[in-house]
Amino acid sequence: MAKLLDKQRYKCALAAMQTVQAITRAIPILHSGPGCAQKLSDGTGSSGYFSPNIFPCTSINEKDVVFGGTKKLASTIENALKVIDADLYVVLTGCIPEIVGDDSGEVVSQFADAEKPVIYASTAGFKGNNYKGHEQVVDAIITQYLKKAGEGERVKGLVNIWADVPYQDMFWLGNLRELERLVSELGFTPNTIFGYQRGIEHVNLIPKAEFNLLVSPWVGLGNMKKMEKLLGIPYLHYPTLPIGATETGKFLRAVAEFAHVPKEKVEKVIEEHESYYYYLIERYADLFLENRVINKQFSVVADAHYALALTKFLVNDLGQFPAKQFVTDDTPKEFQEAIRAEFKNLNYGIEAEVDFNTDSYLIHNQIKEHDYHGYPLVLGSYYDKEITEDLNGNFLNIAWPYRDKVVLDNSYAGYTGGIRLIEDIYTVAVRRFN
């Protein structure tokens, strides 16, 4: 019997068009039915150099289902190269052409000698969600565009940084820039391919890096392994987005140890940041210790990236106690045990129970049934606002879909991100008494 899924927290794999869009002057070419781009664009700052409303698309119809859409795809690519000023063209396939068996890869291969690079990724919705679609796009860049191992000379101190999925994570741009700043303070030159002025030149630098740094519980891990195999780039996998003093200190020490940075240097960086961080905390110590302002139990309802990072921050930095946490990104089973272990890796021997669940109805039932011993604190998507208000709780929208905030380049990563998050949480909490 088919299962109904209430309010899923992700999109189909074709939403990887937003991963392409996050690379400056890269353009998705959609081999899909009409309307897909507009339906998958949700207004979270995805206009950019090219709007989803004008992405080149084959707009395949019933005739193409019968006779195939490869000729239309070839024509669409050819015309896109003529009329769109881009540096990288990425063909993304929807459900219909994959069901009828269109060989998009063969069509793309016809443009191997084009003036600008054309690659493709299989992103049919039935193959997975946009987290997997994101990985497919990065894989396409690795296998179809980047040079093979040995052809690129390493640049001393150059580090590729990878984190979560652009646009799916509203804070992706600010988080990447903050990770860049932190890594720079250790003496490295960071390289990222997403965001402002991060285009084909930065993609070309990938094989020259000394190592890859992946900050994510699971998204992108397959990409790191592929680059290690094909390009000879070692990688450091740090599974938690560092938010606040405790986790950011651990993060900096882990990077320093991996890259053989002198201990004195990293400890000096940490000491300088922590001094100011705790100065700000102390200014509001009375507020944070006042039980009536915010309850001590919380739940996070988000993808693994934020569920884990926020749980560690709230326990380790703010002294909150975790109720059940909910991971909503349909995490592949092979990664779930490692992520569960991270939820047990909290200060003071505290462990958080985690439920990998994609059904909002089931998640909300569990939240309703739990006794938070006061005002619940729920950090989740806009879907979770109503249930939190029904419980007279404190709610902060930190996961997709977003409906009550606009983020341009704000960040929750690092020391400054931890301060921003504290401001957001306690602003929500104190409003109830004013």
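Residues are classed as buried under 20% relative accessible area, exposed over 50%, and partly exposed in between (1.4 Å probe, protein chains only). The model is predicted, so that local features need pLDDT of at least 70 and side-chain atom pairs count only at pLDDT 80 or more, while totals for chains, interfaces and linings use all residues. Residues are numbered from 1 along each chain as its sequence is written, and side-chain values use heavy atoms, without hydrogens or water.

Strands (E, at least two residues) and helices (H or I, at least four) are DSSP runs numbered from the N terminus. In a regular strand the side chains alternate between the two faces of the sheet. Both faces of E1 are covered, with Ala26, Pro28 and Leu30 buried on one side and Ile27, Ile29 and His31 buried on the other. Because 6 of the 6 residues of strand E1 (residues 26-31) are buried, this strand is largely enclosed by the rest of the structure. E1 runs parallel to strand E2 (residues 88-93), to which 6 bridges join it; pairing requires that DSSP find at least two bridges between two strands. Leu92 in E2 is the bridge partner of Leu30.

Strand E7 (residues 235-238) has a covered face, formed by Leu236 and Tyr238, and an uncovered face, formed by Tyr235 and His237. E7 pairs in the parallel sense with strand E6 (residues 211-215) over 4 bridges, and Asn212 stands opposite Tyr235.

Ile96 is located in helix H5. At 35% relative accessibility, Ile96 therefore counts as partly exposed.
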